[in-house]
Amino acid sequence: MVERSLHITVAQGTDTGRKRSLNEDSLLVELPEDAQTLCERGVLLIVADGLGGHARGEVASDMVVNAVKRLYYENKEANIAQALKGAIRQANLDLFKRAIQEGNDMGTTCVACVIQDSTAYIANVGDSRAYLLREENMHQVTDDHSWVAEQVRAGLITEEQARVHPQRNVILRSLGIDPGVEIDMFTETLQNGDILLLCSDGLSGMVEDDEVAQILRQQEPEEGVKQLIAQANEHGGLDNITAIVARVTLAEENG
C-alpha cells in the first residue's frame with residue numbers, strides 16, 4: 001500500500017513599508033507540535049490587515065489572528081471548512097463587541113488557510129489575498145471585497161487602473177464592522193510542489209502577479225518572502241507589507 005505524506009515548508013514576514021509609521025498588519029503560522037492535532041486539524045496560516053481609517057487597526061488585526069487560532073483549534077467540528085468559518089465568525093463578533101465597548105470603530109481584513117490532508121481550506125473577508133502557484137501558473141484564489149474589485153468584475157475599469165485608482169483602499173467587507181459579516185470559503189486540492197501565498201494588499205497592490213510568481217518559482221520560501229517585501233518597498237512601499245509562503249511536498253511512502 002502506498003500512502004502520501006504531507007510536508008510543508010513555511011516562511012513569513014511583515015514590514016511597515018516606506019510611507020507608514022505604524023504596522024497594522026498581523027500574521028500567524030501555527031504548526032501544531034502534537035502529532036494528532038497536526039493530523040486532524042492541520043496547519044493554520046493567517047494574514048490580517050487592520051483598517052488604517054479606523055481606530056486601533058493594529059489591535060483589531062492582532063486580536064483576530066489570535067482569536068481565530070484559539071477558536072479553530074478548540075472547535076471539535078469534523079468539517080474543517082465549517083470549523084475555520086465558525087472561528088472567523090466568532091472572532092468577528094468578539095471584535096465587534098469590543099469596538100462597541102471601547103467606543104471605537106475597529107476593523108480588519110482576514111485571509112486564513114488550513115492545510116490538512118493535502119487540501120487547503122481558505123477563508124477570506126476583505127482584500128487580503130490567497131494565491132496558488134502550480135508549476136507555471138499562479139491564480140488568485142480569493143475575491144477582493146473592495147470597491148475597485150467590484151468595478152473590475154463589472155468591466156468598468158481594468159486591473160491596471162484599479163492599482164492606481166484613488167478609491168483603491170475602500171473596503172466593502174471587513175471584520176469588526178458588521179456582526180453578521182459574510183465569509184467567503186474556497187477549497188483547493190493540493191499537488192506536489194504547490195506554493196500558497198497569503199498576503200496583505202501592501203504586497204499585491206505594489207507587485208504585479210507575474211513578478212510575484214517569478215520570485216516564488218525561483219526562491220525557497222524564506223528568501224521568497226524577503227524578496228517579495230523588498231520588491232514592494234522598491235515599488236514605493238505605500239502600505240504595510242505582509243506575506244506567508246507555504247510550499248507543499250507530497251511524498252509517496254510504502255505503508
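Reader: Where does Ser146 lie?

Author: In this predicted model, Ser146 sits in the loop that joins strand 7 (137–140) to helix 4 (147–153).

Reader: Is Ser146 buried or exposed?

Author: Buried means under 20% relative accessible area. Ser146 has a relative accessibility of 2%, so Ser146 counts as buried.

Reader: Which residues does Ser146 touch, leaving out those up to four places away in sequence?

Author: Ser146 touches Asp127, Val170, Ile171 and Leu172.

Reader: How should I read a pair of helices, and what is the angle between helix 2 and helix 3?

Author: Start with the angle and the distance between the axes. Helix 2 (residues 57–74) packs against helix 3 (residues 80–102) at an angle of about 140°, and their axes are 8 Å apart. Angles over 145 degrees count as roughly antiparallel. Helix 2 and helix 3 are therefore classed as oblique to each other. Their crossing is right-handed.

Reader: Which residues make the contact between helix 2 and helix 3?

Author: On the side of helix 2, the contact residues include Val59, Ala60, Met63, Val64 and Ala67. On the side of helix 3, they include Ile80, Ala83, Leu84, Ala87 and Ile88. The residues of this contact divide into 15 nonpolar, one polar and three charged. Arg70 of helix 2 and Asp94 and Arg98 of helix 3 are among the contact residues.

Reader: At what angle do helix 7 and helix 8 cross?

Author: The axes of helix 7 (residues 209–218) and helix 8 (residues 221–234) cross at roughly 155° and come within 9 Å. That angle makes helix 7 roughly antiparallel to helix 8. The crossing of helix 7 and helix 8 is right-handed.

Reader: Which residues of helix 7 and helix 8 meet?

Author: Helix 7 brings Glu211, Val212, Ile215 and Leu216 to the contact, and helix 8 brings Gly224, Gln227, Leu228 and Gln231. By kind, the residues of the contact of helix 7 with helix 8 are four nonpolar, three polar and one charged.

Reader: How many disulfides does the count come to?

Author: A disulfide is a covalent bond between the sulfur atoms of two cysteines. For a pair to be counted, the two sulfur atoms must be within 2.5 Å. By this rule the count here is zero. Cys39 is in no disulfide, and the nearest cysteine sulfur, that of Cys113, is 17 Å away. Cys113 is likewise in no disulfide, with the nearest cysteine sulfur, that of Cys110, 11 Å away.

Reader: Are Cys39 and Cys113 buried or exposed?

Author: Cys39 counts as exposed, at 53% relative accessibility. Cys113, at 0% relative accessibility, counts as buried.

Reader: Where is Cys113 found, and which residues does Cys113 touch beyond four places away in sequence?

Author: Cys113 is part of strand 4. The residues that Cys113 touches are Val43, Leu44, Leu45, Ala120, Tyr121, Ile122, Leu196 and Leu198. Cys113 and Gly42 are 71 residues apart along the chain, and their C-alpha atoms are separated by 9.7 Å.

Reader: What separates the C-alpha atoms of Gly205 and Ala81?

Author: The separation is 28 Å, for two residues 124 apart along the chain. Gly205 is placed in the loop between helix 6 (201–204) and helix 7. At 32% relative accessibility, Gly205 counts as partly exposed.

Reader: How do I read the phi of Asp117 and of Glu135?

Author: Most residues other than glycine have a negative phi. Asp117 is not a glycine, yet its phi is positive, at about 55°. Glu135, also not a glycine, has a positive phi of about 55°.

Reader: Where do Asp117 and Glu135 lie?

Author: Asp117 is in the loop between strand 4 (110–116) and strand 5 (119–125). At 57% relative accessibility, Asp117 counts as exposed. Glu135 is in the loop between strand 6 (129–134) and strand 7. Glu135 counts as exposed, at 66% relative accessibility.

Definitions and conventions: Residues numbered from 1 in each chain as written. Predicted model: local features only at pLDDT ≥ 70, side-chain atom pairs only at ≥ 80, totals over all residues. Heavy atoms only, no water. Helix = DSSP H or I, 4+ residues; strand = E, 2+ residues; numbered from the N terminus. Buried < 20%, exposed > 50% of the residue type's maximum accessible area, 1.4 Å probe, protein only. Contact = heavy atoms within 4.5 Å. Axes fitted to C-alpha atoms, helices over the stretch in contact; angles between N-to-C directions. Parallel < 35°, antiparallel > 145°, perpendicular 65-115°, else oblique. Left-handed = near helix turned anticlockwise from the far one by under 90°. Nonpolar A, V, L, I, M, F, W, Y, C, P; charged D, E, K, R; others polar.
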